[in-house]
Amino acid sequence: MQQVFGPKELLEDVFQNDLCIGCGACVELCPYFKNYQGKTAQLFPCDLSQGRCYAYCPKAEVNLNELSNHIWGLPYDGSPLGNCRKVLASRAGKKIKETSYQAGGTVSALIIYALKKGLIEAAALTDREGLNPVARLVTSPDEVMKCSTSKFMASPTLSAINTGMREGYTRIGVVGTPCQLTAVAQMRVNPLDQEDFVDPVALTVGLFCNWALDTRQLMPLLSEKLDISTIQSMDIPPPPANMMVLETDSGKVEIPLSEIKPLIPHTCFICPDMTSEFSDVSVGMFEGRPGWNTLIIRSQKGAALVEKACKDEILETEKMPEENLNHLSKAAADKKENALRTLIRRELINTEKKNQRCAVRIPPEVVQKILR
Ligand SMILES: Cc1cc2nc3c(=O)[nH]c(=O)nc-3n(C[C@H](O)[C@H](O)[C@H](O)COP(=O)(O)OP(=O)(O)OC[C@H]3O[C@@H](n4cnc5c(N)ncnc54)[C@H](O)[C@@H]3O)c2cc1C
Ligand code: SF4
Ligand code: SF4
């Protein structure tokens with residue numbers, strides 16, 4: 001069983017070790033944890049010995065074998081892409097209104113379709129206020145469109161699930177990064193064995209992610225170069241571009257990644273998941289084919305949703321070329337291996353000493369397999 005502690009241990013293990021990614025899973029659960037400009041903080045002390053804040057956190061005592069058994073009915077095997085039925089190329093279909101998506105619009109199209117078909121009643125998405133990514137609980141296609149495009153900063157998106165539960169929603173869709181989808185998987189395990197537990201999540205759409213930026217550090221860097229209130233969208237095109245590209249009211253601004261990368265929170269370097277392995281479907285860019293996505297179908301629910309969306313021309317899919325698939329697997333395997341080396345170096349994995357807690361637990365034979 002996953003070990004669950006309380007807010008005191010959350011502060012020691014996550015905040016004091018600078019591991020918090022500001023995912024929002026502990027925000028809006030109680031009056032104490034709040035997020036401001038991407039940073040989560042505890043406003044008042046709390047002495048609960050076990051709390052949902054610790055149980056949901058994707059940076060504290062995450063037992064990947066237990067999660068995998070719960071979500072997939074299979075042990076965690078450390079394979080680069082996780083549990084996966086099919087990998088396709090995809091983009092929004094003819095019946096979806098043209099708007100500005102990050103890539104092919106697969107994410108927005110699937111969420112709109114799930115809302116229209118009643119699979120979900122609401123979705124936890126990420127909007128932007130100025131440069132700040134903010135959590136948004138949405139219920140209409142127009143609101144989904146408004147949240148489209150990537151904000152390449154860590155975002156407290158998951159607080160929208162907690163808000164949604166308080167408002168009585170029982171079928172919530174969520175779009176998030178791999179760390180966020182790990183937290184969502186932990187929410188669904190009912191880690192505190194609550195008798196009245198209801199799984200509030202009806203659809204999980206994961207994003208690919210290698211790293212995110214710290215908003216509070218990005219703001220001053222961008223403010224030196226442009227008026228951040230004029231930013232319309234941002235992109236980090238695949239290699240060899242090596243740039244962050246900002247569309248502003250007065251045109252494009254390009255910033256070399258060498259200036260941006262120092263703003264990656266250290267906690268991204270202990271993150272072993274590139275493709276949101278605990279999701280119904282995962283979506284990323286399609287390298288070399290702008291306007292398209294890479295789509296990983298993982299669950300039966302995800303497969304059925306994609307099939308119906310294609311039939312109704314909400315989504316369009318094509319075969320994924322073998323070469324792209326190999327490249328994707330290699331990138332995901334590299335991220336896992338690098339993360340494990342950092343976790344081992346920082347003694348944040350599989351600690352066995354009494355009373356010593358850790359960030360991640362992975363069966364030792366799987367650790368060896370990942371380290372190749
Ligand atoms: C921090 C970050 C890093 C990423 N890194 C990679 C990568 O390394 N490789 C890759 O292939 N793809 C990466 N992506 C995913 C990629 O940018 C696109 O989001 C994805 O391809 C979906 O495209 P789309 O056109 O279907 O999205 P759209 O239809 O435009 O929808 C985008 C969705 O992303 C959600 N979103 C936006 N910002 C955030 C955020 N900060 N946190 C959580 N959810 C958010 C919105 O709610 C929206 O639903 C990253 C995304 C983010 C947010
Ligand atoms: S749950 Fe998310 S926001 Fe809360 S401490 Fe953990 S990483 Fe930070
Ligand atoms: S690299 Fe991992 S920890 Fe960092 S934002 Fe992406 S999913 Fe979260």
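Predicted model: local features only at pLDDT ≥ 70, side-chain atom pairs only at ≥ 80, totals over all residues.
What share of the 372 residues in the protein chain is buried?

1. Burial. Buried residues account for 48% of the 372 residues in the protein chain.

2. Overall build. The protein chain holds twelve helices and 15 strands. Its radius of gyration is 20 Å, close to the 21 Å that the globule rule gives for 372 residues, so the chain is as compact as a globular protein of that length.

3. Contacts along the chain. Take the contacts between residues at least 6 apart in sequence: 69% of these join residues at least 24 apart.

4. Two domains. You will find the protein chain divided into domain 1, made of 7-214 + 264-371, and domain 2, made of 216-262. Between the C-alpha centres of domain 1 and domain 2 there are 24 Å. Where the two touch, domain 1 contributes 14 residues and domain 2 contributes 14 residues. On the domain 1 side of this contact, six residues are nonpolar, five are polar and three are charged.

5. Around ligand 3. Do have a look at the shell here, which has nine nonpolar, three polar and no charged residues. Among the residues around ligand 3 are the cysteines Cys179, Cys209, Cys268 and Cys271.

How values were computed:
Residues numbered from 1 in each chain as written. Chains lettered and ligands numbered in written order. Domains from an automatic or database assignment. Contact = placed C-beta atoms within 7 Å. Nonpolar A, V, L, I, M, F, W, Y, C, P; charged D, E, K, R; others polar. Near = placed C-beta within 6 Å. Helix = DSSP H or I, 4+ residues; strand = E, 2+ residues; numbered from the N terminus. Rg over C-alpha atoms; globule rule 2.2 N^0.38 Å. Buried ≥ 20, exposed ≤ 12 C-beta atoms within 10 Å, placed from the backbone.
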